[in-house]
Amino acid sequence: MARRWLAGLLVLMAAGSVYVSGTVLERRAAARERSNQLLYLPNGRHLKVASLGQATVLADMIYIWAIQYYSEYERADRFRYVEHVFGEVITELDPHYVDAYWLGALILIVEAGELERGLALLDQGFAANPDKWILPYLAGWECWLAGQPGRAADYFDAAAATPGAPPTVRRMRAGMVSRAGDLETALALWNEILEDPGSDPTSRAIAERKVLDLRVQTDLRELRAAIERFRFENSRFPGSLEELQKRGYIRGVPRHPDDRDYDYDPRSGKVSAPEGRVLGESA
Amino acid sequence: MSARPDRVRRRAPGIASAVLAIALNTFREAVRDRVLYLLLAFALILIGVSRLLSLLTVGSEEKIIKDVGLAAISIFGVLTAVFVGVSLVFKEIERRTVYTLLANPVRRWQFVSGKFAGLLAVLSLNVVLMFLGLAIILAIRGESTWALLPAVLLILVELGIITAFALLFSSLTNPILAAVWTFAVYVAGHLSWSLKLLKGKVPEGLSQWLCDLLYWLLPHLEHLNVKAEVVHGQPISLGSVGLAVLYGTSYALAVLVLACVAFERKDFN
């Protein structure tokens, strides 16, 4: 009986000791891990060799771990090793892991506010996966959100050139070129979509409207430039748009796609789309 | 002239039936093995857990389920091949049933071939069960599993090579050493490509010759690894899968012949 009690006591004491020492060790390890966790993450190339043919599943495990790691917002150096984790470790193990490039870039651009670093990661992903239109497409969106439509247009251009890209990408590309101010190229791109027999009905309907809209915009831009030149050289506004043509400032007086004249006020020199029109600036 | 074909005709069913009988017996014996069930259960649990893992991720849910599923089929298949494979011959010797068997008109190579065929049948059954588990999980998510078949087939071919090595080593030594050697071949087989790199770093002469020799002797198990390609839906030509199957089966056959030779020379006294 006494032996049993002794054994029970010993087990209880040992369990208590395990609990206390284990808790202390865990706390210390947690403090150490918080600061050094990434220092122990091996290089992706080395991990690939050690994975013995299971590189993709290892990439998944590190990807899941990285999501949990970067979800802790209180980390001071949270954005320091993002490229290493996503661009070197995970994607070295699995170069076709598109979501890893995307998530790494998202952390860098949206959370860290580092557009260039994020775009570099997406560029790396597209170089490794030239058949994935989604990567330049995402880069294009981020550039657009950052107020760089010209750069966004280049990315959408790359995405649109990738086989399998949906019609939205071509539309985004033309839209970005237009927002970047290159109306002629934008008009050409929308015309291309409109005339392509492979375009879907939605894209064609949007392209039709955009082509007309851009025509109005290019007409108005051309007219305003000619009026400004006329005023500079003659110290007054032209009496009518026809005067601009007669004096050689424009080749012909353009008409609105609805076959109506553009509105012109000779006193203020302002030209605009006919009132009540959907297309152009009156919309 | 006519006596020879007759002799062949008379002998052929005997050879086949002896190998088949041993294979069937091995299959029954292995199916009764608790280790097998334990490994199979672990693999199925892991495949099920892949669904939970996919909940922790951002995107890539299907990819993670497929990756974990294929890794489970491969890893647990190798564990089964090694642990069951190395004990098959040893058990027969330890229980002395091998003497009874070989006292019958059964050749030693028939015994080894039967063991190999039986274990391969067990492994095939395991792989099919694990693949079905994975297919069910993917089907619930509305995903097809057909694209994964080339990877599963090549995993089975890889298991054939590992089984052949397990039988070869178990014919030469005790089960523990045989398991260690078989694992060593598995590891080296996945790293055999590095011998070419090593060759460029070592001095010319014997070292380089040794690198070349090992490079051609060791199985190139990475030739049989198309898991990443199938998971990412990348095109794999039927020709390259066929070549990989030919490579793997030829290699397994060569090792099996060596295992038969080793068992022929084994002294049971």
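Biologist: How many residues does the contact take from chain A and from chain B?
Modeller: The contact takes 15 residues from chain A and 20 residues from chain B, where two residues are in contact if their C-beta atoms, placed from the backbone, lie within 7 Å. Please keep in mind that this is a predicted model, in which local features need pLDDT of at least 70 and side-chain atom pairs count only at pLDDT 80 or more, while totals for chains, interfaces and linings use all residues. Residues are numbered from 1 along each chain as its sequence is written, and chains are lettered from A and ligands numbered from 1 in the order in which they are written.

Biologist: Which elements give two or more residues to the side of chain A that touches chain B?
Modeller: Those are helix 3 (55-70) and helix 5 (98-111) of chain A, and the largest share, seven residues, comes from helix 3 of chain A. Helices (H or I, at least four residues) and strands (E, at least two) are DSSP runs, numbered from the N terminus.

Biologist: And how do the residues on that side of chain A divide?
Modeller: They divide into eight nonpolar, four polar and three charged, where Ala, Val, Leu, Ile, Met, Phe, Trp, Tyr, Cys and Pro count as nonpolar, Asp, Glu, Lys and Arg as charged, and the others, Gly among them, as polar.

Biologist: Switching to chain B, how many helices and strands does it have?
Modeller: Chain B has eleven helices and zero strands, and its C-alpha atoms fill a box of roughly 65 × 50 × 45 Å along the principal axes. Of the 269 residues in chain B, 39% are buried, and a residue is called buried if 20 or more other C-beta atoms lie within 10 Å of its own, exposed if 12 or fewer, and partly exposed in between, with C-beta atoms placed from the backbone.

Biologist: What do the buried residues of helix 11 of chain B pack against?
Modeller: They pack against helix 5 (108-140) and helix 6 (149-172) of chain B, and among these buried residues are B:Ala252, B:Val255, B:Leu256 and B:Ala259. Those four are also touched by B:Ala164, which touches B:Phe116 as well, not counting residues up to four places away in sequence.

Biologist: Which residues touch the most other members of the largest nonpolar core?
Modeller: In that core of 128 residues they are A:Ile90, A:Phe156, B:Ile73 and B:Ala164. A nonpolar core is a set of buried Ala, Val, Leu, Ile, Met, Phe, Trp, Tyr and Cys residues joined through C-beta atoms within 7 Å.

Biologist: Back in chain A, is A:Ser203 buried or exposed?
Modeller: A:Ser203 counts as buried because it has 20 C-beta neighbours inside 10 Å. A:Ser203 sits in helix 11 (residues 201-234) of chain A and touches A:Pro167, A:Arg171 and A:Ile193, not counting residues up to four places away in sequence.

Biologist: Last topic, then: where is A:Ser235?
Modeller: A:Ser235 is in the loop between helix 11 and helix 12 (241-246) of chain A, and it has a positive phi of about 55° although it is not a glycine. A:Ser235 is exposed, because there are 7 other C-beta atoms within 10 Å.
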